[in-house]
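Work through the exercises below with the coordinates open beside the text.

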Amino acid sequence: MAQVMGIRKMVVAFAAVFASAGAAIPAPSATAPSMQTGAITSQPIGHYEFCQTHRSECEIKTKSTIAPRVTDFGWSVIRQVNLAVNGEITPMTDMDLFGKDEVWSYPEGAGDCEDFVLLKRKRLMEKGFSPSDLLITVVRKPDGEGHAVLTVRTAQGDFILDNLENEVKIWTKTPYRFLKRQASFNTGRWVTIENGAEVLVGSVGN
């Protein structure tokens, strides 16, 4: 019975995200091509170490599926989660927090970009979003520094949740070069992003 109740709760949560809501913020329309992913590539060391202590989160395998169409209410949830986490967590480097680099963890009041991503991903999964559509993504900022954001894969395009930006933007409207992200079919694997630089050049030229 407990298992049945748990399944029902998951179904209700999923329906809450993807059901229409009249007062919700309208969903964006697709304005750019989706990211084209390529071959399996190296897993960031921070994510590898995170997976050693959160194995269940890194062993989720799903069949390749078409990205879902998110409703107006779902977009409200996405925006609220991005804004809430950005406001709750104080940006702080791993060196300041732990005395070493590349520590990926759920933040408790403070954290760096990867920690923001992990918390946003966790909260959206709790709201019913599939882990196959919430992908940790590594990018390069204009100054050459590495950065992590959360890609939300949707039928309307790939959208970015970023601790440096409160607005949820389609990926081609960000200033980043996209390098690699979690594979949608396996949360413990990473794939290259083949058109990350091409789309950036086109976006700058517009």
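## Overall picture

In this predicted model, buried residues make up 44% of the 206 residues in the protein. The protein has 6 helices and 9 strands, and among contacts between residues at least 6 apart in sequence, 65% join residues at least 24 apart.

## Exercise 1: helix H3 and the aromatic pairs

**Task.** Compare the span of H3 with the expected value, list its buried residues, and classify the ring pair formed by Trp-75 and Phe-159.

**Solution.** Step 1. H3 has 17 residues and reaches 24 Å from its first C-alpha to its last, which is close to the 24 Å expected at 1.5 Å a residue.

Step 1. The buried residues of H3 are Gly-74, Trp-75, Ser-76, Val-77, Ile-78, Val-81, Asn-82, Val-85 and Asn-86.

Step 2. The count of aromatic pairs comes to 4. The ring centres of Trp-75 and Phe-159 are 4.8 Å apart with their planes at 70°, and because planes over 60 degrees apart count as edge-to-face, the pair is edge-to-face.

Step 3. Trp-75 lies in helix H3 whereas Phe-159 lies in strand S6, so the pair ties together parts that are 84 residues apart in sequence. Trp-75 counts as buried at 1% relative accessibility, and Phe-159 is also buried, with a relative accessible area of 5%.

Step 4. The rings of Trp-171 and Phe-178, with centres 5.2 Å apart and planes at 85°, are likewise edge-to-face, and both of these residues are buried.

## Exercise 2: a buried aspartate

**Task.** Decide whether Asp-158 is buried or exposed, and find which backbone nitrogen its side chain reaches.

**Solution.** Step 1. Asp-158 is found in strand S6 (residues 157–162). Its relative accessible area is 2%, and because buried means under 20%, Asp-158 is buried.

Step 1. The side chain of Asp-158 reaches the backbone nitrogen of Met-35 at 2.7 Å.

Step 2. Not counting residues up to four places away in sequence, Asp-158 touches Ser-34, Met-35, Thr-151, Val-152, Arg-153, Lys-169, Ile-170, Trp-171 and Arg-181; Trp-171 in this list is the partner of Phe-178 in the ring pair of the previous exercise.

## Exercise 3: two local details

**Task.** Find where Glu-102 lies, and state which ring the charged end of Lys-122 sits over.

**Solution.** Step 1. Glu-102 lies in the loop between helix H4 (94–98) and strand S3 (110–111). Phi of Glu-102 is near 60°, a positive value in a residue other than glycine, and at 32% relative accessibility Glu-102 counts as partly exposed.

Step 1. The charged end of Lys-122 sits over the ring of Tyr-106, at 5.9 Å from the ring centre.

Conventions. Residues are numbered from 1 along each chain as its sequence is written. This is a predicted model: local features need pLDDT of at least 70, side-chain atom pairs count only at pLDDT 80 or more; totals for chains, interfaces and linings use all residues. Side-chain values use heavy atoms; hydrogens and water are left out. Helices (H or I, at least four residues) and strands (E, at least two) are DSSP runs, numbered from the N terminus. Buried means under 20% relative accessible area, exposed over 50%, partly exposed in between (1.4 Å probe, protein chains only). A polar contact is a pair of N or O atoms within 3.5 Å; within protein, one must be able to donate a hydrogen and the other to accept it, and residues adjacent in sequence count only if both atoms are side-chain atoms. Contact means heavy atoms within 4.5 Å. The expected span of a helix is 1.5 Å times one less than its number of residues. Rings of Phe, Tyr and Trp (its six-membered ring) pair if their centres lie within 6.5 Å; planes under 30 degrees apart count as stacked, over 60 as edge-to-face and the rest as tilted. A charge sits over a ring if NZ of Lys or CZ of Arg is within 6 Å of the ring centre and within 35 degrees of the ring normal.
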